[in-house]
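Notebook open, model loaded. I want to look up a few helix contacts and ring pairs and jot down what turns up.

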Amino acid sequence: MSLHLYFHPLSSFCMKVLMALYENGTPFEPHIVDFGNEESNAAFKKLWPVRKIPVLRDEGKGRTVPESSIIIEYLDQHYPGTARLIPADAETARQMRFRDRFFDLYLNVPMQKVVTERLRPPGQNDAYGVQQAKELLRTSLDMIEREMAAKAWAMGGAFTMADCAAAPPLFYANRVLPFASTHKNAARYLGRLTERRSFARALTEAEPYFKLFPQEPSAEAAR
Ligand SMILES: N[C@@H](CCC(=O)N[C@@H](CS)C(=O)NCC(=O)O)C(=O)O
């Protein structure tokens with residue numbers, strides 16, 4: 001097996017790449033990175049000192065590929081399948097990359113901020129940072145609500161990398177700031193994403209780990 005994916009089933013950025021792999025049925029060997037385990041942590045740090053998952057290792061080509069969007073671009077370039085997640089037309093690809101950046105930076109990152117805050121040791125909390133993250137999440141959800149008023153997928157009719165970027169953070173954002181009654185277009189988009197086979201599979205595989213998802217402390221609910 002040439003392709004090895006270092007990931008965790010609960011991780012939103014990893015789900016994004018899993019979706020791309022499942023969309024094309026690309027074979028790969030999964031390696032779960034357990035940040036709570038010293039050995040797993042140390043081994044992964046040797047592969048990618050920045051210590052962020054996912055990372056793709058292509059043994060056949062001797063390449064280590066970090067960063068979710070770059071991994072999907074790499075798969076599209078070197079292991080293309082029938083689902084072309086990067087549009088062939090350069091201008092359409094640019095627009096799609098913008099949406100991918102938007103979902104990563106302004107939906108996924110603030111969602112993670114709210115969730116990972118729950119793992120911080122007592123006395124090390126960042127209430128102001130969480131408040132800012134929640135404000136950004138609300139702004140992004142408002143924008144997605146307008147954007148998805150008349151579209152099936154982020155780029156319209158074609159399912160792309162941008163939809164892989166949107167699905168996991170929308171799923172988790174709905175847990176952090178439930179939006180079914182306030183953002184109906186965004187909620188319908190999440191519904192379509194959840195029914196997409198690639199995301200449904202990633203969610204099913206994450207299910208045994210959902211008990212590890214940090215729960216909302218009562219003080220956070222008040223903010
Ligand atoms: N820009 C990176 C972000 C990756 C990322 O934030 N991964 C999280 C898990 S979803 C992680 O590795 N967190 C570990 C840590 O920060 O200690 C990408 O697109 O792959």
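At what angle do helix α6 and helix α7 pack, and how far apart are their axes? Before the answer, a note to myself: this is a predicted model, where local features need pLDDT of at least 70, side-chain atom pairs count only at pLDDT 80 or more, and totals for chains, interfaces and linings use all residues. Residues are numbered from 1 along each chain as its sequence is written, and side-chain values use heavy atoms, with hydrogens and water left out.

**Entry: α6 and α7**

I get an angle of about 115° for α6 (residues 161-176) on α7 (residues 184-195), with the axes 10 Å apart. Axes here are lines fitted to C-alpha atoms, for helices over the stretch in contact, and angles run from 0 to 180 degrees between N-to-C directions. Helices are DSSP runs of H or I with at least four residues, strands are runs of E with at least two, and both are numbered from the N terminus. I therefore put α6 and α7 down as roughly perpendicular (65 to 115 degrees).

Next I listed who touches whom (contact means heavy atoms within 4.5 Å). From α6 come A162, D163, A166, A167, L170, F171 and N174, and from α7 come A186, Y189, L190 and L193. I sorted these into nine nonpolar, one polar and one charged. For the sorting, Ala, Val, Leu, Ile, Met, Phe, Trp, Tyr, Cys and Pro count as nonpolar, Asp, Glu, Lys and Arg as charged, and the others, Gly among them, as polar.

**Entry: α1 and α4**

I found the axes of α1 and helix α4 (residues 90-117) coming within 11 Å and crossing at roughly 145°. S12, F13 and K16 of α1 meet D100, R101, D104, N108, V109, M111 and Q112 of α4. That contact splits into three nonpolar, three polar and four charged residues.

**Entry: rings**

My search of the whole structure gave 12 aromatic pairs (Phe, Tyr or Trp rings, the six-membered one for Trp, with centres within 6.5 Å; planes under 30 degrees apart are stacked, over 60 edge-to-face, the rest tilted). Y22 and F28 make a tilted pair, 6.3 Å centre to centre with 35° between the planes. Both are buried (under 20% relative accessible area; exposed is over 50%, partly exposed in between, with a 1.4 Å probe and protein chains only). I also noted one aromatic cluster made of F171, Y172, F199, F210 and F213.

**Entry: T26**

I looked up T26 in the loop between α1 (12-24) and β2 (29-32). T26 is buried at 12% relative accessible area.

Technical notes:
Angles under 35 degrees count as roughly parallel, over 145 as roughly antiparallel, 65 to 115 as roughly perpendicular and the rest as oblique.
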